[in-house]
Amino acid sequence: MSTVIPVPDNWHAVLSGWDDLRHGYHAGDKDETVRDCARRLDTAAPGSKGDPVLFWTLGLLMLAPHVAFDGPGPGVEDEVIAVLSRVARDDDGRTCAHGWHPYEADVDDVLEHLPAWLEVLSSPVDQALEDLLPEAYLDELEDVEAEPANLSGPDILARWQCPRTAPGFARAALDYLGATIR
């Protein structure tokens, strides 16, 4: 079983820039940061095991608050919506045996935990895989035997690696932006 989701070599620096932008500390060109992420996602091959489609999709999810509320420059929002729509459409008709996926958690909870989760996802160890579940989401479950409360570490990782996860996060980012799939 693969224990890593694909990430680019410089992912720590990229993630740090996204997180800075999300928290309002980014000193660089904010629109260029968003456009760079969108371009990289647009060139990543959907469904390819070697391309970090999920990583770049999560990047646009992290950058969605800037796009939604900070008044980005002309064309930035349209570019983001177009590429997120392409990724979201990649899920058309796809089914899997999983009852739960990480994109079903509250977006704000995902955004808060995403830097730590990417650290685990880039090089997971079994002891840390349980940290990939959003605690607030688990607290809302009435049945402790229901998914995802009863998942083991490898089961949790399988949900993150599922081909439906990147399209699901793309739809979550589009929802955050108040946009529909184009």
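**Figure 1. Crossing of helices α5 and α8 in the predicted model.** The axes of helix α5 (residues 107-122) and helix α8 (residues 165-177) come within 11 Å of each other and cross at roughly 115°. Here axes are lines fitted to C-alpha atoms, for helices over the stretch in contact, and angles run from 0 to 180 degrees between N-to-C directions. Helices (H or I, at least four residues) and strands (E, at least two) are DSSP runs, numbered from the N terminus. Val107, Asp108, Val110 and Leu111 of α5 meet Phe169, Ala172 and Tyr176 of α8, where contact means heavy atoms within 4.5 Å. The residues of this contact of α5 with α8 comprise 6 nonpolar, no polar and 1 charged. In this classification, Ala, Val, Leu, Ile, Met, Phe, Trp, Tyr, Cys and Pro count as nonpolar, Asp, Glu, Lys and Arg as charged, and the others, Gly among them, as polar. The model is predicted: local features need pLDDT of at least 70, side-chain atom pairs count only at pLDDT 80 or more, and totals for chains, interfaces and linings use all residues. Residues are numbered from 1 along each chain as its sequence is written, and side-chain values use heavy atoms, with hydrogens and water left out.

**Figure 2. Packing of helix α1 against α5.** Helix α1 (residues 11-22) packs on α5 at an angle of about 175°, the two axes lying 11 Å apart. The two helices are therefore roughly antiparallel to each other. On the α1 side, the contact is made by Trp11, His12, Leu15, Asp19 and Arg22, and on the α5 side by Leu111, Glu112, Pro115, Leu118, Glu119 and Ser122. The residues of the contact of α1 with α5 divide into 5 nonpolar, 2 polar and 4 charged.

**Figure 3. Packing of helix α1 against α3.** The axes of α1 and α3 come within 8 Å and cross at roughly 20°. This angle makes α1 roughly parallel to α3, and α1 passes α3 in a left-handed crossing. From α1, the residues Trp11, Val14, Leu15, Trp18, Asp19, Leu21 and Arg22 meet Phe55, Trp56, Gly59, Met62, Leu63, Pro65 and His66 of α3. In the contact of α1 with α3, 10 residues are nonpolar, 2 are polar and 2 are charged.

Figure 4. Leu61 is placed in helix α3 (residues 53-69). Leu61 counts as buried because its relative accessible area is 1%; buried means under 20% relative accessible area, exposed over 50%, and partly exposed in between (1.4 Å probe, protein chains only). Not counting residues up to four places away in sequence, Leu61 touches Val107, Val110, Leu111, Phe169, Ala172 and Ala173. The C-alpha atoms of Leu61 and Val107 are separated by 8.5 Å, although these residues stand 46 residues apart along the chain. Thr57 also lies in helix α3 and, at 0% relative accessibility, counts as buried. With residues up to four places away in sequence again left out, Thr57 touches Leu41, Val87, Ala166, Phe169 and Ala170.

Figure 5. Thr43 belongs to helix α2 (residues 30-43) and counts as exposed, at 65% relative accessibility. A polar atom of the Thr43 side chain lies 3.1 Å from the backbone oxygen of Arg40. Thr43 and Val53 are 10 residues apart along the chain, with their C-alpha atoms separated by 9.0 Å. Ala27 is found in the loop between α1 and α2 and, at 81% relative accessibility, counts as exposed. From C-alpha to C-alpha, Ala27 and Gly17 are 8.9 Å apart in space and 10 residues apart in sequence.

**Figure 6. The protein chain as a whole.** The secondary structure of the protein chain comes to 8 helices and 0 strands, in the pattern α-α-α-α-α-α-α-α along the sequence. Of the 182 residues in the protein chain, 46% are buried. Among contacts between residues at least 6 apart in sequence, 78% join residues at least 24 apart.

Key: A polar contact is a pair of N or O atoms within 3.5 Å; within protein, one must be able to donate a hydrogen and the other to accept it, and residues adjacent in sequence count only if both atoms are side-chain atoms. Angles under 35 degrees count as roughly parallel, over 145 as roughly antiparallel, 65 to 115 as roughly perpendicular and the rest as oblique. A crossing is left-handed if the near helix is turned anticlockwise from the far one by less than a right angle, and right-handed if clockwise.
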